[in-house]
Amino acid sequence: MAVLTEEQSMLRDAAKSWVQEKSPVTAFRKMRDSGAELGYDVAAWNEMAEMGWAGVIIPEEYGGSNFGYLSLGLVLEELGRTLTASPLIASGLGAASALILGGSDAQKGEWLPKIADGSAVGALAVDEGPHHRPEKVETTVSGGKLNGKKTFVLEGMAANVFVVSAKDGGKIELYLVKADAPGVTRQKLNLADSRGAANVTFENVAVSDADKLSGGADLLEKTLDRARAGVAAEMLGASLQAFDITLDYLKTRVQFGQVIGSFQALQHRAAKMFTELELSRSAVEAALTAIDNNAPDVPELVSLAKAKMGDTFHLVSNEMVQMHGGIGMTDAHDAGFYLKRARACEAAFGNQAYHRDRFAKINGY
Amino acid sequence: MADFGGGDLEAFRSEVRSWVEANFPASLKGKPNPMAGEGRGDPLTPDQDAWRRAVGEKGWGTPTWPAAYGGGGLNGAQARVIQGEFARAGAYNPIGGMGVMMFGPTLLEYGTEAQKQEHIPPIVRGELQWCQGFSEPGAGSDLAALQTKAEDKGDHFLINGQKVWTSGAQYADWCFCLVRTDPAKKHEGISFVLIDMNQPGVEVRPILLINGLAPFCETFFTDARAEKKNLVGPLNGGWTIAKRLLQHERSGISGMGGGGMGGPSLVDLAKKYVGVDEQGRIADPDLRMRVIRNTMETKAFQQTAFRVMAESKGNSGPSAATSIMKNAGTWLAQERHELTLEIMGHQGLGWEGDDFDRYELETVRAWLYGKAFTIFGGSQEVQSNIVSKRILGLPDLTQAK
């Protein structure tokens, strides 16, 4: 755990107790079973917004608390522990970052206060296929019309506004597009992890310079890096909880007349997971801290965090099922939720292979 | 870290810089420490000896040790300044070895005032070398099974037995040694004594290893003496001290994962020996991915070492995380050895001769020696046991019903 300020400790403790009281995994299960249209519990999201979590990175003049990315990461880590589904990453982190970094005063004034108080949800519409390839954009803006199709948009059904990447005169630009603008249609995707996602089609949607964020491809990368670091923080929390649940099981499940956690074959695998979790925490906290410090090596550190965290969550979620044995295969047990969330998070904003390749390219090999 | 700094530290930096300029012999620039590695038994040249004396006098080879025993009496930030200035001048730290890495910190914590006054200053000045008498032929991972016997003879102990893997015993003046003082008990029958290696009852035989070198020895004690005043801690209370010392040893070993062997990076080696494609990527995609993985993992390891340091600031001694660090660091170092060898191809397998450059020859030896990393100082299996039992709280195996 990074050395925290008093404000950060209070924020983390508040998130921890809210999550335990109001949002245990049973809440996620209830949401899944209810087939919630948006992929999250709206009442819970409103409570989160009331506590100010949607505005952690947003400047005070726009209704946020300006606590920074490490602080938001602490909240996401706690939420990740119980797989709490909410638009916090898409909206309070992703869309908010794009606006903070590239928005005009008018754009910020219109959207940031609503994102901070949870009354509006923003989402990043940046992928156009099954893999995260943000540099490959076929969506275009030409003659004031935006055309294209974006896939796997996180919180795409809930969004009031999309941050859309499009080629404009051959260059990548980001546009703000309202979800209710004429020509926007969305199709809900039912994914294994039960979170809200949609494919969004833009057909001759009218856009002007007033809708354009400034910064182009560079803004896109900066925004994505912030979203990636936040996803990694959520993955850290989820991995830690998956590991804790598994460790408890190793200490209680009896076979051959003793608890299975006394078997060295399992102990050493547990020790390996613990080691990977410690290394992953360092990488995630270093990435978030670098963002707060506006450090030049943010892209490299974020790719390290996302790749490392992806490997670790992958390992821990598989071991969770394996070490639980048959019970881990049942829908009644939570192991499956962690396994599904792991793969969804791994794929989000670039999987391990993507980020390893990116890390090398950044460093010239 | 932003918590140190300011003018005082900058003033200290210029003090160190001018001192190094005045005292470091130009002939030693960029040279390795002659007290480390092979040939450390050779007499020092006048320049080497002068540098050792100068640093020892200042206590800057052990900057954070108390000034009362000749140490630098400095804080961590000042110690890093010294390290940085030495590196800037191409100067090695001439004060090192097991006395500095393991025994000194342990004695400072557990020794009596008289013991500290006697044994710490010669370590600080680099005058005396220490070796470690822990493992025995029948006590490796199960270290507490050790049998070297110490009999109470009034003013001294009479020592009989055999130690193994005593690195540097052939050059050592003293041995910090675990001995059995109560045969009826296991862990509670072990004491920690200091034995003068320059006496008739001590015989040392180097052991040739797979890398062609002999950094370790067998050490035989036949009616050797250890004075009573050289018992550290209580009689039969040596195990606690041994565990502490092993923490220091492991944190030293795990450091190898972060820094590495020095020399060129895996990426630079791969570019040189394997080449790059038209996009500048390492030409072999499979190798490239494994180089990337090791490089990224190494970075995460360094971030963790930094985090552990930041979190434990104010505490004395290494934190529990050192147990994780030893395994993580040594796996990475071994993997890096393997990758280096693979990158060099046949050229990385040269044993000796002019057909191979110095780094190629060092690589093959380092690769082989590196296999010891996951064995000594607590094998990776012992480390995993420690993590699973002490940190994760997993229970011991009981007899199956």
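**Entry 1: a strand residue.** I started with Leu146(A), which I found in strand E3 of chain A, residues 145-154. A reminder to myself: this is a predicted model.

Is Leu146(A) buried or exposed? I count Leu146(A) as buried because it has 23 C-beta neighbours inside 10 Å, and the cut-off for buried is 20 or more.

Next I looked up what Leu146(A) touches, leaving out residues up to four places away in sequence. My list has Thr139(A), Val141(A), Val164(A), Ala166(A), Tyr175(A), Val177(A), Phe202(A), Val205(A) and Val207(A). I took one of these partners, Val205(A), for a distance check. Val205(A) and Leu146(A) are 59 residues apart along the chain, yet I get 4.9 Å between their C-alpha atoms.

**Entry 2: the domains of chain A.** I noted three domains: domain 1 spans 6-116, domain 2 spans 122-216 and domain 3 spans 217-362. I then turned to domains 1 and 3 of chain A, whose C-alpha centres I find 20 Å apart. Their contact draws 22 residues from domain 1 of chain A and 25 residues from domain 3 of chain A.

Which elements give two or more residues to the domain 1 side of this contact in chain A? I wrote down helix H2 (25-34), helix H4 (69-81) and helix H5 (88-102). H4(A) supplies the largest share of that side, ten residues. Sorting the domain 1 side by class, I have twelve nonpolar, seven polar and three charged residues.

**Entry 3: a record for the N-terminal part.** I checked UniProt, where an unreviewed entry annotates residues 5-118 of chain A as "domain: Acyl-CoA dehydrogenase/oxidase N-terminal". In the model I find that span to be 67% helix and 0% strand. The C-alpha atoms at the ends of residues 5-118 of chain A are 26 Å apart.

**Entry 4: chain A against chain B.** How many residues of chain A are in contact with chain B? I have 33 from chain A, meeting 35 from chain B.

On the chain A side, I listed the elements that give two or more residues: helix H7 (216-252), strand E10 (258-259), helix H8 (264-292), helix H9 (298-324) and helix H11 (352-362). H8(A) gives the largest share of the chain A side, twelve residues. By class, I have 19 nonpolar, nine polar and five charged residues on the side of chain A that touches chain B.

Note on methods: Residues are numbered from 1 along each chain as its sequence is written. Chains are lettered from A and ligands numbered from 1 in the order in which they are written. This is a predicted model: local features need pLDDT of at least 70, side-chain atom pairs count only at pLDDT 80 or more; totals for chains, interfaces and linings use all residues. Domain bounds come from an automatic or database domain assignment. Two residues are in contact if their C-beta atoms, placed from the backbone, lie within 7 Å. Helices (H or I, at least four residues) and strands (E, at least two) are DSSP runs, numbered from the N terminus. Ala, Val, Leu, Ile, Met, Phe, Trp, Tyr, Cys and Pro count as nonpolar, Asp, Glu, Lys and Arg as charged, and the others, Gly among them, as polar. A residue is buried if 20 or more other C-beta atoms lie within 10 Å of its own, exposed if 12 or fewer, and partly exposed in between; C-beta atoms are placed from the backbone. UniProt positions are given in the numbering used here, feature names are shortened, and annotations may be inferred rather than shown by experiment.
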